[in-house]
Structure formats: C-alpha cells, structure tokens
Amino acid sequence: VTIKSQLETLNETALDATASQIAAATSSGVKLAVLHGAGSFGHFQAKKYLISKGDKHPDWAFGFADTRRAVTLLNQEVVARLVRSKVAAVGLSPFPTASMKAKSLQECGALAHACEVLERGMVPVLHGDAVFDDVQGSAILSGDVILQELCETLSPVSAVFLTDVPGVFTKPPSEPGAQLIPEILVGKDGSCTLPEMSTAEHDVTGGIEEKLKTAIAVVKLGIPVMIVQVGTEHAAAALRGDTPKVMTILRLKDE
C-alpha cells in the first residue's frame with residue numbers, strides 16, 4: 001500500500017482498492033484481521049538510524065521516535081481508508097505492549113487486543129513497529145513476525161499476502177522468462193524449493209525472502225497462504241475466502 005522507493009508515499013490506487021475489497025468481504029460475513037508493514041513509512045528512518053541493530057547510533061532516540069511517527073502515520077492512513085469504506089477498523093500499535101530480547105519477541109499485548117477487537121465484530125489493523133529490546137536497546141518487530149504470532153493465536157482459515165506482483169516467480173518477475181509458480185508444497189519440517197530473491201536496499205526486515213520464510217512457518221501451522229497481486233480481482237477473491245485464479249498458494253504437502 002506504499003510506493004517503497006519513495007519516502008512516505010502511499011500507493012493510493014492499491015490502498016483504496018484494498019479498502020473496498022475488505023469492505024465487501026466483511027459485509028458478506030468474513031472475519032478479517034489486517035496487518036501491514038512499514039513500506040516507505042519507516043524503513044528509510046530505521047535504516048538511517050540503525051534501529052534494528054539497537055541504540056548505538058548517536059541520534060538513536062530521535063531515529064526511534066521518527067520511525068514510530070512514520071509507521072503510526074501509515075497505520076492511521078490505512079485505518080482512515082477502511083473506515084471511509086464503512087469498515088469498523090481499529091488501529092493497534094505493538095509498541096506500547098511489546099518487548100524483545102536480542103531481537104526475539106518476548107511479549108506483544110496487541111495480539112490479545114486483536115482477538116478482543118475481532119470478538120466485538122471489528123477489524124484489527126496491526127503493523128510492524130519499532131520496539132524496545134532488553135539486550136540491545138531497540139529492535140524492529142516486523143510485520144512478518146507479528147503475522148506468525150497472529151496466526152498461532154487466531155488459527156485462521158487462510159492467510160493472504162497482498163503484493164505488487166501476482167505471486168512467486170521462478171526468478172525476479174522483471175527478468176525475461178520469469179514464470180509464476182502456482183503452488184508451493186511445504187513439508188511438515190518446512191522443507192520446500194524456493195527461487196532466488198532480491199530485496200530493496202532500505203528494507204530492514206528482509207524483503208520477500210523473509211516473507212516466504214514467514215509464509216512457510218504459517219503453513220507449518222496447517223494454515224494455507226495465498227500470495228496475490230494487490231487491488232486485483234484475485235486479491236478480492238482471496239479476501240472473501242475464495243480461490244483466486246491467479247496466485248501462488250503455499251500449503252502443506254500431503255504425506
């Protein structure tokens with residue numbers, strides 16, 4: 001929902017389309033929890049001030065504050081678009097109730113809040129965040145980590161990744177001959193074959209490769225993961241719980 005290469009720039013078309021699709025899904029009775037990363041709202045600041053590496057940067061405190069300003073601003077924008085589309089969306093920031101230790105999540109009260117929001121008929125909207133770390137001072141709690149925790153907590157029917165491409169390709173989709181992989185089968189031990197990946201230089205959370213690792217961890221819980229292109233009819237189908245025609249689905253291998 002952001003243009004990752006441009007500082008604090010929304011992808012208005014994708015965001016508005018997704019808000020409308022979520023509105024349609026929830027009005028048909030689908031229960032959804034929404035989670036977004038920082039995109040161009042936070043990654044630039046987090047990289048500049050080395051927030052994922054702790055409090056060693058001389059302007060660490062300012063950098064931490066500016067990273068949080070950016071990610072919470074994006075969360076407000078996402079929630080605003082959803083509410084404008086008549087979705088009862090409630091923004092939840094991990095920072096106030098989350099703590100990490102040597103980059104490992106210790107607790108995140110926002111997960112319990114998300115459950116309560118869902119139980120009351122609303123849509124929780126969580127995001128990746130900058131948080132305190134008991135060992136190194138600060139860390140980035142990525143949306144990927146939150147997603148895995150959220151799936152363990154909620155046991156959803158499926159998880160949907162909205163991306164700027166139609167799914168996972170045999171090689172970077174910009175390269176000639178790249179082909180969409182419709183299905184990736186994951187063993188119970190997490191084994192599967194993945195193509196080569198590339199990551200934007202300012203992405204401090206690991207990019208697509210890290211997201212696929214997260215997807216595999218979710219699949220190991222018995223939850224299929226659909227990767228679809230944001231704003232398309234295929235995204236709309238996935239959000240309503242249907243099977244999109246164009247996607248990459250990761251699911252457990254029948255063993």
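I started with R69, which is partly exposed at a relative accessible area of 35% (buried means under 20%, exposed over 50%, partly exposed in between, with a 1.4 Å probe and protein chains only). Before going on, I noted that this is a predicted model, where local features need pLDDT of at least 70, side-chain atom pairs count only at pLDDT 80 or more, and totals for chains, interfaces and linings use all residues. Numbering runs from 1 along each chain as its sequence is written, and side-chain values use heavy atoms, leaving out hydrogens and water.

R69's side chain meets that of D66 in a salt bridge, 2.7 Å from N to O (a side-chain nitrogen of Lys or Arg within 4 Å of a carboxyl oxygen of Asp or Glu). Both lie in helix α3, three residues apart, about one turn of the helix (helices are DSSP runs of H or I, at least four residues, numbered from the N terminus). D66 is buried, at 17%.

Next I looked up how many salt bridges the structure holds: ten. Another one joins R81 and D16, at 2.9 Å, N to O. I see that this pair links distant parts of the chain, R81 in α3 and D16 in helix α1, 65 residues apart. R81 is buried at 9% relative accessibility, while D16 is partly exposed at 36%. I also found E12, D16, E77 and R81 linked in a network of salt bridges.

Last, I checked D242 and R240, whose side chains form a salt bridge at 2.8 Å, N to O. D242 is partly exposed at 36%, and R240 is partly exposed at 42%.

How values were computed: Helix = DSSP H or I, 4+ residues; strand = E, 2+ residues; numbered from the N terminus.
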